Amino acid sequence: MGTVPGAGRDVAAHAVARLPGEAAADPSSLRSHNLGIVMRLLRDHGTLSRKDIEHATGMVPASVTNLVADLHDRGLVRDVRGGGSEVRRRGRPRVMVEAVPDRCLALAVRIERTRVTGELHSSAGHLLDSSSRGVTLAWGQPGDVAHAIAELVGRAQQRAAEHGAVLFACIVTMPGPVGSDNRIADTAEFGWGHLGLVDLIHAAGVPAAVRVEVVNDANAAALAEHAALPMPRPAVMLYVEGSAATGVGGGVIADGRILEGGRGYGGELGHVTVDWRGRSCACGANGCLAAYLGPEALLTSARLTDLAQMAGRQAAMDELRARLDRGEKRAVDVALRAGDILGAAMRSVYDVVNPTALVLGGYLAGMRRWLEPGIQMQLAPRTERLAPLAIESGRLGRRAGLVGAARHGLTPMFDDPTLVPAVRRDDAVAEGA
Ligand SMILES: [Zn+2]
């Protein structure tokens with residue numbers, strides 16, 4: 001790869017951006033920062049030459065050589081002898097650099113009523129292992145969830161050791177708001193309120209060296225869907241998903257990260273007000289988007305509540321989708337109106353964060369054809385006068401939450417690769433052999 005399209009300006013801007021007086025006074029943090037820039041560049045653009053890295057970052061050759069050597073010592077990058085026409089012309093192989101895909105791993109965990117599932121992902125986004133444990137949850141009580149998660153972490157650590165890898169983080173996804181103190185503020189699904197799940201997981205035997213964090217599931221899904229978009233990815237992306245089980249969730253991705261807000265409760269697009277005197281929402285407010293786009297609201301309007309009671313909400317949502325595909329008038333009217341309401345909510349958000357893309361997930365992804373006209377009409381006063389908003393369906397489906405959780409868990413490594421220890425000499429020799 002000779003050039004890194006779109007990367008030069010962004011990365012160069014990051015290379016010089018630092019907090020006033022902070023990084024300049026601390027050379028080691030500036031170095032960590034620059035190591036992170038190189039790692040993110042390799043993650044996002046694949047195999048690059050040292051020259052490519054110089055061009056994309058604006059760093060001088062000696063710095064790039066030095067940073068790549070440091071990453072090499074930590075087992076995070078490796079040299080590959082490049083192919084391509086340029087090589088043959090010059091008659092000697094060109095040495096390229098690529099990220100080692102499975103040096104750093106993250107375990108992403110999903111909790112359901114009867115089981116806990118853990119997926120072990122590499123920093124390249126590959127799924128390496130998946131495992132489940134049965135759990136017993138009483139309403140409002142965490143039951144044996146923390147022990148089940150500790151078991152999954154133990155298994156992941158074993159897998160990591162086999163790969164010569166570092167298990168960097170365990171990220172638990174959770175419907176409902178999660179504070180930046182990692183406390184689950186409120187989970188309607190399990191009746192948990194202000195639960196310190198992270199402490200319970202460590203108490204169940206997970207060592208402090210494995211960072212444990214809880215994230216909102218829709219925020220995690222948003223991050224995964226953002227990373228699944230082609231380059232250059234939107235600077236600000238909105239994500240709204242509908243789940244038959246947990247209702248409407250959302251997330252905002254800014255500069256490739258979850259916009260968590262001051263205390264962690266940001267990005268709750270499902271609770272944007274669309275009618276201040278409107279329907280009551282499970283969150284305690286009136287007129288939230290979720291009260292109109294949630295499964296119960298849609299199924300009631302579509303007269304599918306009987307089916308939902310008999311066959312379950314998922315089956316009823318599937319039937320709604322089937323009726324949309326058949327063009328049945330009532331179903332189509334319900335979806336078109338939902339598009340108007342979603343559009344009104346997104347217009348409010350547009351004015352605050354000026355997104356360039358909106359990605360729909362869960363059952364909303366399958367309804368996009370019918371939602372989009374209303375969304376675009378409601379947004380027209382902004383998009384026609386200011387800048388357009390691309391609307392897409394999510395690409396990852398139900399996988400998005402865990403894929404995004406793992407990516408979120410590895411973010412600190414891409415910010416500061418010095419968190420990963422150097423590979424021991426004898427390991428390095430064995431690896432090179
Ligand atoms: Zn609400």
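Predicted model: local features only at pLDDT ≥ 70, side-chain atom pairs only at ≥ 80, totals over all residues.
User: Which protein atoms are donors of the zinc ion?

Analyst: ND1 of His-271 and the SG atoms of Cys-281, Cys-283 and Cys-288 are the protein donors, at 2.0 to 2.3 Å from the zinc ion. Along the chain, their spacing reads H-x9-C-x1-C-x4-C.

User: What arrangement do the 4 donor atoms make around the zinc ion, and why?

Analyst: The arrangement is tetrahedral, because the 4 donor atoms subtend angles of 105 to 115° around the zinc ion. The tetrahedral label needs all angles between 85 and 135 degrees.

User: New topic: what does the pLDDT look like for the protein chain?

Analyst: The average is 89, and 89% of the residues score at least 70. Over residues 5–23, though, the pLDDT is below 50, and that stretch has 24 contacts in the model beyond near neighbours in sequence. Residues 84–88 also stay under 50, with 5 contacts beyond four places in sequence.

User: How many helices and strands are there in the protein chain?

Analyst: There are 17 helices and 15 strands. Of the 433 residues in the protein chain, 48% are buried. Among contacts with a separation of 6 or more, 61% are between residues 24 or more positions apart.

User: Where is Met-413, and what does it touch beyond four places in sequence?

Analyst: Met-413 lies in helix H16, which spans residues 400–415. Met-413 touches Met-39, Leu-76, Cys-104, Ser-123, Phe-168 and Val-420. Cys-104 is 309 residues away along the chain, yet the C-alpha atoms of Met-413 and Cys-104 are 8.3 Å apart. Met-413 counts as buried because its relative accessibility is 0%.

User: What about Asp-217: which side chain of opposite charge is nearest?

Analyst: That is Arg-110, at 7.1 Å. Asp-217 is buried and has no salt bridge; a salt bridge would need a side-chain nitrogen within 4 Å of a carboxyl oxygen.

User: So which residues is Asp-217 in contact with, leaving aside neighbours within four places?

Analyst: Thr-173, Met-174, Pro-175 and Gly-401 are the contacts of Asp-217. As for its place in the chain, Asp-217 belongs to helix H8, residues 217–227.

Notes:
Residues numbered from 1 in each chain as written. Heavy atoms only, no water. pLDDT = per-residue confidence, 0-100. Contact = heavy atoms within 4.5 Å. Helix = DSSP H or I, 4+ residues; strand = E, 2+ residues; numbered from the N terminus. Buried < 20%, exposed > 50% of the residue type's maximum accessible area, 1.4 Å probe, protein only. Lys, Arg positive; Asp, Glu negative; His and termini not counted. Donors = N, O, S within 2.8 Å, 3.2 Å for Na, K, Ca; no water. Tetrahedral: all angles 85-135°; square planar, octahedral: opposite > 155°, others 65-115°.
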